[in-house]
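Please walk through this structure with me, from its sheet to its core and then to its metal site.

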Amino acid sequence: MGKVREYAKASAAVLVGVLFVVLVATTMARAGTTPGLLNATVKGTAQTPVGVLPHAFLELASYPDSLAAGHGPDGGSHPDWVSYGPTTNLTVPAHSLVTITIKQYDGGEKITNPFFAKVRGTVDGTMTVNGKSATDANPDAIGHTFTIHALPTNQDPLFVNIPLPAVPDDVPPAKGSDYPPPIVVTFSFVTGGPGKYVWNCEYPCGDGTYAKFGGPMSTRGYMSGTFTVT
Ligand SMILES: [Cu+2]
């Protein structure tokens, strides 16, 4: 009799342990994977409207799924979610010229708010798209946006908006790749003093909930992240 009770007790303990693991796993899945930090690389200096500053570089990509975006080889907990990569937590130096290159592999459609189809906050109000200068992207064919926002604090303001043109649907995958050749977007802006900012995509590319602002749009690590100026 005693043995049966011992066994029941042990089983209950195991069950509680299993439930705990399941609970933690699902909570973590909901919070999203938070991959590591990507630090900008400083290479020399550059002439800017506010004088000669250190020149820092960052490289990102936007993908139609999570397989190549730094969520693990199997794409992590949501392999089918659109995602930026290799991480969405970025660090750049203060009082510097920052040049970011984004390889855009995803399709897209009409953006809900055409305000975000215009380039904003870059050195001369432009970006380059496959090497050509542009001040906006076609609001009917936006893949994603890269939009840095300042939190309402007393740190230096920082607002940058880059509309990423959509890769047309009829472009076949590149040779040896699951993705079409990317649209390469480059832009530069000047940072002020140290501060903690956030960035996100303003093109509703998420799942059906919250007018397509659900799923990857509302989970940190896919279409949003931190932008730290140090
Ligand atoms: Cu997006």
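**Sheet, core and copper site**

In this predicted model, six strands form an open sheet with mixed pairing, in the order S1-S5-S13-S12-S9-S10. Strand S1 (37–39) and strand S10 (160–165) are the edges. Each has a single partner strand, so one side of each is left without a neighbour in the sheet. From one strand to the next, the twist averages 20 degrees.

Strands S12 (residues 195–200) and S13 (residues 224–229) run antiparallel and are joined by six bridges. Lys196 has Thr228 in S13 as its bridge partner.

Now the packing. The largest nonpolar core has 41 residues. Ile100, Phe146, Phe187 and Phe227 have the most contacts inside it. Strand S11 (residues 183–190) gives the most to this core, with four residues. Beyond residues up to four places away in sequence, Phe187 touches residues including Val98, Ile100, Thr122, Met127, Phe146 and Ile162. Another core, of five residues, lies apart; Ala61, Tyr63, Tyr105 and Tyr179 are among them.

Which atoms hold the copper ion? The ligands are His144 (ND1), Cys201 (SG), Cys205 (SG) and Met223 (SD), at 2.1 to 2.5 Å. Along the chain, the donors follow the spacing H-x56-C-x3-C-x17-M. His144 lies in strand S9 (residues 142–150), and Cys205 in the loop between S12 and S13, so this pair ties together parts 61 residues apart in sequence. Why is the arrangement tetrahedral? The four donor atoms subtend angles of 92 to 126 degrees around the copper ion, and the criterion is that all angles lie between 85 and 135 degrees.

How values were computed:
Residues are numbered from 1 along each chain as its sequence is written. This is a predicted model: local features need pLDDT of at least 70, side-chain atom pairs count only at pLDDT 80 or more; totals for chains, interfaces and linings use all residues. Side-chain values use heavy atoms; hydrogens and water are left out. Two strands pair if DSSP finds at least two bridges between them. Helices (H or I, at least four residues) and strands (E, at least two) are DSSP runs, numbered from the N terminus. Axes are lines fitted to C-alpha atoms, for helices over the stretch in contact, and angles run from 0 to 180 degrees between N-to-C directions. A nonpolar core is a set of buried Ala, Val, Leu, Ile, Met, Phe, Trp, Tyr and Cys residues joined through side-chain atoms within 4.5 Å. Buried means under 20% relative accessible area, exposed over 50%, partly exposed in between (1.4 Å probe, protein chains only). Contact means heavy atoms within 4.5 Å. Donors are N, O and S atoms within 2.8 Å of the metal (3.2 Å for Na, K and Ca); water is not among the atoms, so sites may look incomplete. Four donors count as tetrahedral if all angles lie between 85 and 135 degrees; four count as square planar and six as octahedral if opposite donors are over 155 degrees apart and all others between 65 and 115; anything else is irregular.
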